[in-house]
Amino acid sequence: MPDNNKDLCFGFKTNEYVVYPTHGVGRIVAIEEQEIAGCKLELFVINFEKDKMTLRVPTSKTQSAGMRKLSDAAVLARAMETLRGRARVKRTMWSRRAQEYEAKINSGDLITIAEVVRDLYRSDAQPEQSYSERQLYESALDRMAREIAAAQDVDESIAIQKVAEALTKAGRLRKQEVEDEEKKEAA
């Protein structure tokens, strides 16, 4: 049985936070060996505390499963910059867009998740979202906030606040741009 204090195994170690694409941020609580169908298998035991779930991933399958380390400061900065960009909403049927958003959320890529948050964000001045839009938005926001919180070692509520500030700041800038354009046209 491997030692739980094992330094590195395929680049990951115990007590390290990782991102598993379809579940978000979890913590490796152990690296253990199990016998399955007569074969010994080394597994990462990943705990997703918020979801009250434990996942066992074969150490040899981490790359094919898309498991990765938390994003570094440069990627976090790019994700926050993505939030400040202009929303890109395709004019396709909602069911198709919903599938695309779900795939982006489950990709595990922080920049792609930030695009979903940006595209589905609604300020107080904008029309209400449908239930399914709201669910996807909250799912993407939750994934993004959990990774920011774990990477920056802050509380999840602080991470959500940082995301909200970036989104509202972007909205104010776009509103100012529109007002400036209207002034130019009026002059």
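Me: How many cavities of 30 Å³ or more does a search of the whole structure find?

Reply: Rolling a probe the size of a water molecule over the atoms shows where empty space is left. In this predicted model, the search of the whole structure finds 1 cavity of 30 Å³ or more. The largest cavity has a volume of about 50 Å³.

Me: Which elements give two or more residues to the lining of the largest cavity?

Reply: They are strand E1 (17-20), strand E2 (24-36), helix H4 (110-120) and helix H5 (131-152). Among the lining residues are Val-19, Tyr-20, Val-25, Leu-110, Arg-143 and Glu-147. By class, the lining comprises 6 nonpolar, 2 polar and 2 charged residues.

Me: How much space lies in the second largest pocket, and which residues lie nearest its centre?

Reply: The second largest pocket holds about 350 Å³ of space. Its lining consists of 14 residues, and Tyr-17, Val-25, Arg-146, Ala-150 and Glu-156 lie nearest the centre. The elements that give two or more residues to this lining are E2, strand E3 (39-48) and H5. By class, the lining of this pocket has 6 nonpolar, 2 polar and 6 charged residues.

Me: Let us turn to single residues. Is Glu-16 buried or exposed?

Reply: Glu-16 counts as buried because its relative accessible area is 13%, and buried means under 20%. Glu-16 is placed in the segment before E1.

Me: What does the side chain of Glu-16 make a polar contact with?

Reply: The partner is the side chain of Lys-69, at 2.6 Å. Leaving aside residues up to four places away in sequence, Glu-16 touches Gly-11, Gly-26, Arg-27, Ile-28 and Lys-69.

Me: What is the relative accessible area of Glu-102, and where is its place?

Reply: Glu-102 has a relative accessible area of 35% and is therefore partly exposed, a term for values between 20% and 50%. Glu-102 has its place in helix H3 (residues 94-107). Glu-102 and Ala-140 are 38 residues apart in sequence, and their C-alpha atoms are 8.6 Å apart in space.

Me: Finally, what is the mean pLDDT of the chain, and over which residues does pLDDT stay under 50?

Reply: Where pLDDT is low, the predicted coordinates should not be read in detail. The mean for the chain is 87, and 85% of its residues reach 70 or more. Over residues 1-7, pLDDT stays under 50. For residues 1-7 the model has 16 contacts beyond four places in sequence.

How values were computed: Residues are numbered from 1 along each chain as its sequence is written. This is a predicted model: local features need pLDDT of at least 70, side-chain atom pairs count only at pLDDT 80 or more; totals for chains, interfaces and linings use all residues. Side-chain values use heavy atoms; hydrogens and water are left out. On a 1 Å grid over the protein atoms alone, a cavity is a set of points where a 1.4 Å probe fits but cannot get out, and a pocket is an open set with protein on both sides within 12 Å along at least five of seven lines; lining residues have an atom within 4 Å of a point. Grid points are joined across faces, edges and corners, and a volume is the space filled by probe spheres set on the points. Helices (H or I, at least four residues) and strands (E, at least two) are DSSP runs, numbered from the N terminus. Ala, Val, Leu, Ile, Met, Phe, Trp, Tyr, Cys and Pro count as nonpolar, Asp, Glu, Lys and Arg as charged, and the others, Gly among them, as polar. pLDDT is the predictor's confidence in each residue, from 0 to 100. Contact means heavy atoms within 4.5 Å. Buried means under 20% relative accessible area, exposed over 50%, partly exposed in between (1.4 Å probe, protein chains only). A polar contact is a pair of N or O atoms within 3.5 Å; within protein, one must be able to donate a hydrogen and the other to accept it, and residues adjacent in sequence count only if both atoms are side-chain atoms.
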